[in-house]
Amino acid sequence: TSWILPVCIAMVDSGGAEVPSEASNVPELRPGHLVEVNGLASESGKLLNGQRGLLCEFLKATGRWQVRIGEKLVSLKPA
């Protein structure tokens, strides 16, 4: 299952459709969820918008998720 969240990390369902963040059946983000990146405004961030990846680990110290997008591992803060 995959999901879409409002800004940095967006979750999608298995068919690729967005799942509204306010949906009552949307589970917590967890490692292994397929996510889509949306809403990044920096030049380097814009290159990630629309790409999908897997959640790897939540880093409590920074409040960010490590997301594997292809061969890259990026740290993104959920909105």
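The following dialogue explains how several descriptions of this predicted model are reached.

Biologist: What should be known about the numbering and the values?

Modeller: Residues are numbered from 1 along each chain as its sequence is written, and side-chain values use heavy atoms, with hydrogens and water left out. This is a predicted model, in which local features need pLDDT of at least 70 and side-chain atom pairs count only at pLDDT 80 or more, while totals for chains, interfaces and linings use all residues.

Biologist: What is the pLDDT of the protein, and which elements have the lowest and highest means?

Modeller: The pLDDT is the predictor's confidence in each residue, from 0 to 100. The protein averages 78, and 67% of the residues score at least 70. Where pLDDT is low, the predicted coordinates should not be read in detail.

Biologist: What pattern do the helix and strands follow along the sequence?

Modeller: The protein has one helix and six strands, and the pattern is β-β-β-α-β-β-β. Helices (H or I, at least four residues) and strands (E, at least two) are DSSP runs, numbered from the N terminus.

Biologist: Why is Gln-66 called buried?

Modeller: Buried means under 20% relative accessible area, exposed over 50%, and partly exposed in between (1.4 Å probe, protein chains only). Gln-66 has a relative accessible area of 19%, and therefore counts as buried. Gln-66 lies in strand β5. Leaving aside neighbours within four places in sequence, its contacts (heavy atoms within 4.5 Å) include Leu-54, Cys-56 and Val-74.

Biologist: Why does Arg-30 count as partly exposed?

Modeller: The relative accessibility of Arg-30 is 49%, so Arg-30 belongs to the partly exposed class. Arg-30 sits in the loop between β2 (9-11) and β3 (34-37). Residues up to four places away not counted, Arg-30 touches Leu-55 and Trp-65. Its C-alpha atom is separated by 8.0 Å from that of Glu-57, 27 residues apart along the chain.

Biologist: What makes a set of residues a nonpolar core, and which residues form the largest one?

Modeller: A nonpolar core is a set of buried Ala, Val, Leu, Ile, Met, Phe, Trp, Tyr and Cys residues joined through side-chain atoms within 4.5 Å. The largest has 11 residues, among them Leu-29, Leu-55, Trp-65 and Val-74. The elements that give two or more residues to this core are β3, β5 (64-69) and β6 (72-76). Its largest share, three residues, comes from β5. Of the 79 residues of the protein, 34% count as buried.

Biologist: How many bridges join β5 to β4 and to β6?

Modeller: Five bridges join β4 to β5, which run antiparallel, and β5 pairs with β6 in the antiparallel sense over five bridges. Val-67 in β5 is the bridge partner of Leu-55, and the partner of Val-67 in β6 is Val-74. In the hairpin of β4 and β5, with four residues between the strands, Gly-63 takes a positive phi near 70°. In the hairpin of β5 and β6, with two residues between the strands, Gly-70 takes a positive phi near 65°.

Terms used. Two strands pair if DSSP finds at least two bridges between them.
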